[in-house]
Amino acid sequence: MMIPFEIEVKSVIPEIRAYIAKELTQTYKLKQNDVAKLLGITQTAISKYVRDVRGRVIRIDQTEEIRNMMNQIASQAATDKISGPQLTLKLCGVCKMVRQNGIMCELCKRSDPILDVNLCNVCKNAPNCATPV
């Protein structure tokens with residue numbers, strides 16, 4: 001069994017990066033090297049995200065609210081209106097929204113087949129990753 005935050009690190013964060021990388025390269029026409037610098041990852045990772053080789057385990061753009069959050073991050077990154085710490089907080093906000101909307105439940109169920117996702121409240125009640133406990 002994996003705990004929800006492990007699933008988040010392995011599946012959700014790569015999907016967020018993939019979405020934002022595609023926005024920055026396709027909508028804002030940024031080069032992959034520039035996107036890599038903005039996101040603090042390698043150009044190779046950006047290439048894999050853009051080609052759907054990485055970051056496709058889960059679809060997190062199912063809700064308009066999450067899409068809007070990721071589009072705002074991409075817009076701010078493309079226009080240099082976001083710092084590294086601000087980017088981190090915004091990514092944490094997207095992760096929290098994914099948890100609260102139950103989007104990870106299917107992956108948690110795959111990780112722990114006896115889990116009753118209808119009774120589980122772990123993700124919905126978890127604090128934001130940037131919130132001290």
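Ile3 is found in the segment before helix 1, where helices (H or I, at least four residues) and strands (E, at least two) are DSSP runs numbered from the N terminus. This is a predicted model, in which local features need pLDDT of at least 70 and side-chain atom pairs count only at pLDDT 80 or more, while totals for chains, interfaces and linings use all residues. Residues are numbered from 1 along each chain as its sequence is written, and side-chain values use heavy atoms, with hydrogens and water left out.

**The start of the chain**

- At 45% relative accessibility, Ile3 counts as partly exposed, a class that lies between buried (under 20% relative accessible area) and exposed (over 50%), with a 1.4 Å probe and protein chains only.
- Together with Met1 and Phe5, Ile3 makes a nonpolar surface patch of about 330 Å².
- Such patches are made of residues with over 30% relative accessible area and no salt bridge, with nonpolar side chains (Val, Leu, Ile, Met, Phe, Trp, Tyr) joined within 5 Å and like charges within 9 Å; the areas come from the Shrake-Rupley method with a 1.4 Å probe, and for residues only the protein chains shown count as cover.

**Salt bridges**

- The structure holds 4 salt bridges, each being a side-chain nitrogen of Lys or Arg within 4 Å of a carboxyl oxygen of Asp or Glu.
- One of them joins Glu8 and Arg99, whose closest N and O atoms are 2.6 Å apart; Glu8 lies in helix 1 and Arg99 in helix 5, so the pair ties together parts that are 91 residues apart in sequence.
- Both ends of this pair are covered, since Glu8 is buried with a relative accessible area of 5%, and Arg99 counts as buried at 1%.
- Another salt bridge brings together the side chains of Asp52 and Lys22 (2.3 Å, N to O), linking the loop between helix 3 (43–50) and helix 4 (64–78) with helix 1, across 30 residues.
- Here Asp52 is partly exposed, with a relative accessible area of 40%, whereas Lys22 counts as buried at 18%.
- The side chains of Arg110 and Glu106 also meet in a salt bridge (2.6 Å, N to O); these residues both lie in helix 6 (residues 105–111), 4 residues apart, about one turn of the helix, and both are exposed.

**The largest pocket**

- About 170 Å³ of space lies in the largest pocket, and its lining of 10 residues includes Ile13, Arg17, Thr88, Leu91 and Cys92, which lie nearest its centre.
- Helix 1 (4–27) and helix 5 (84–100) are the elements that give two or more residues to this lining, and helix 5 gives the most, with 5 residues.
- By residue type, the lining divides into 8 nonpolar, 1 polar and 1 charged.

**Backbone angles and a distance**

- Most residues other than glycine have a negative phi.
- Asp52 has a phi near 60°, a positive value in a residue other than glycine.
- Asp80, found in the loop between helix 4 and helix 5, likewise has a positive phi, near 55°, and is exposed with a relative accessible area of 64%.
- Gln43 is found in helix 3 and is partly exposed, with a relative accessible area of 32%; the C-alpha atoms of Gln43 and Ser83, 40 residues apart along the chain, are separated by 20 Å.

**How the pocket terms are defined**

- On a 1 Å grid over the protein atoms alone, a pocket is an open set of points where a 1.4 Å probe fits, with protein on both sides within 12 Å along at least five of seven lines, and lining residues have an atom within 4 Å of a point.
- Grid points are joined across faces, edges and corners, and a volume is the space filled by probe spheres set on the points.
- Ala, Val, Leu, Ile, Met, Phe, Trp, Tyr, Cys and Pro count as nonpolar, Asp, Glu, Lys and Arg as charged, and the others, Gly among them, as polar.
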